[in-house]
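Thanks, everyone. Please have the structure open as I talk.

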Amino acid sequence: MTRTLRRTRGVRRALTGALLAGLSLLTTAGPALADAPSASASPAGDEAGPTEAGTTFRTATALEQGRSGTAQASAGDYLYWVFPADAGQRPTVEATVKLPESAARRGTSTWQVDVYDGLRRRQACMYGHQTRKAAADAATVELSCVLRPVRSWSEPWANDPLAGSYYIRLTVVDLPAADLGLPVDVEVRTSIKELGGGHDGGGALAEPLVPGVSVTSADEADPGRASDVPRTLATGAPGDGWASGWWTDRWLWTAGGGVLAALAAVFGYSLTRGRGRPAHVPPGV
């Protein structure tokens, strides 16, 4: 009887330790996955980004994730850049406009940065300074837009951001007529924060929303197929490629939850099964 009690206590201690270890693993792994820094940030010493901007969606200048671009333009121009964003990421766009000398300007100006997805749907900013007014004596104006997390799937009627190309449009929306055409220097920067699978929508797109990707995929599947549509894509893929759609860190939480449930079931059984037949009760009774 004493040996049986010791064995039961040992099993309980082992199961309790395993349960606590599993809970500790999950509670410490969650913040690490959610707050993991972006791997796409440009390290020091990388090549400089592009030094020009497009003037339409079709001529937008491609930016890599975490890379900045510069351009010299005239006040009143529409400037376009494009960069890739994948599911589970939250992009941030920042822009700095260096204004002409105050002596050459006639009044205040209002600048705005907009972000569009691969379907050219304007995406709302979660927060940031998307529109800002520059005083007549201001030297620069700073703009920013933090987008909503990019999802892997969405309803057709929804305007959720999906994996694919994202277009940046920078322009002045209010300016004295006498100031049109004055030279300005512009710098845009993109950054990506990895959010993990917490924002997955339970599905996947057949192709990322990149203009030209369907035509390119069809041509690769059928090399003899002739097509008059340009095969060049608007922008490349993220540094580690597009997400496959089936893998997510939710699998880790699912597996961990299953292990903990099994341990809890075994532990509960060990507590409720009792000590067996009393020693004074003969077998068969």
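R189 has a relative accessibility of 23%, so it counts as partly exposed. The model is a predicted one, to be clear. E142 also counts as partly exposed, because its relative accessibility is 36%. The side chains of R189 and E142 meet in a salt bridge, 4.0 Å from N to O. That pair links distant parts of the chain, with R189 in strand β10 and E142 in strand β8, residues 140–147, 47 residues apart.

Another of them joins the side chains of D114 and R169, at 3.4 Å from N to O. D114 sits in strand β5, residues 109–116, and R169 in strand β9, so this pair ties together parts that are 55 residues apart in sequence. Are D114 and R169 buried or exposed? Both are buried.

One more pair: R148 and D160 meet through their side chains in a salt bridge of 3.6 Å, N to O. Both R148 and D160 are in the loop between β8 and β9, 12 residues apart. With a relative accessible area of 27%, R148 is partly exposed. D160 has a relative accessible area of 17%, and the cut-off for buried is under 20%, so D160 is buried.

Now the cavities. Searching the whole structure gives 2 cavities of 30 Å³ or more. The largest cavity holds about 50 Å³ of space. Its lining includes A75, L99, P100, R105, W111, D179 and V184. By class, the lining residues of the largest cavity are 7 nonpolar, 2 polar and 2 charged.

The second largest cavity has about 40 Å³ of space. Among the residues lining the second largest cavity are A73, S74, D77, W111, L170, T171, V184 and V186. Which strands each supply at least two residues of the lining of the second largest cavity? Those are β2 (68–74), β9 (164–174) and β10 (183–194). The lining of the second largest cavity divides into 6 nonpolar residues, 3 polar and 1 charged.

That's what I have. Questions are welcome.

Terms used: Residues numbered from 1 in each chain as written. Predicted model: local features only at pLDDT ≥ 70, side-chain atom pairs only at ≥ 80, totals over all residues. Heavy atoms only, no water. 1 Å grid on protein atoms, 1.4 Å probe; cavity = no way out; pocket = protein on both sides within 12 Å on 5 of 7 lines; lining within 4 Å. Points joined across faces, edges and corners; volume = space filled by probe spheres on them. Nonpolar A, V, L, I, M, F, W, Y, C, P; charged D, E, K, R; others polar. Helix = DSSP H or I, 4+ residues; strand = E, 2+ residues; numbered from the N terminus. Buried < 20%, exposed > 50% of the residue type's maximum accessible area, 1.4 Å probe, protein only.
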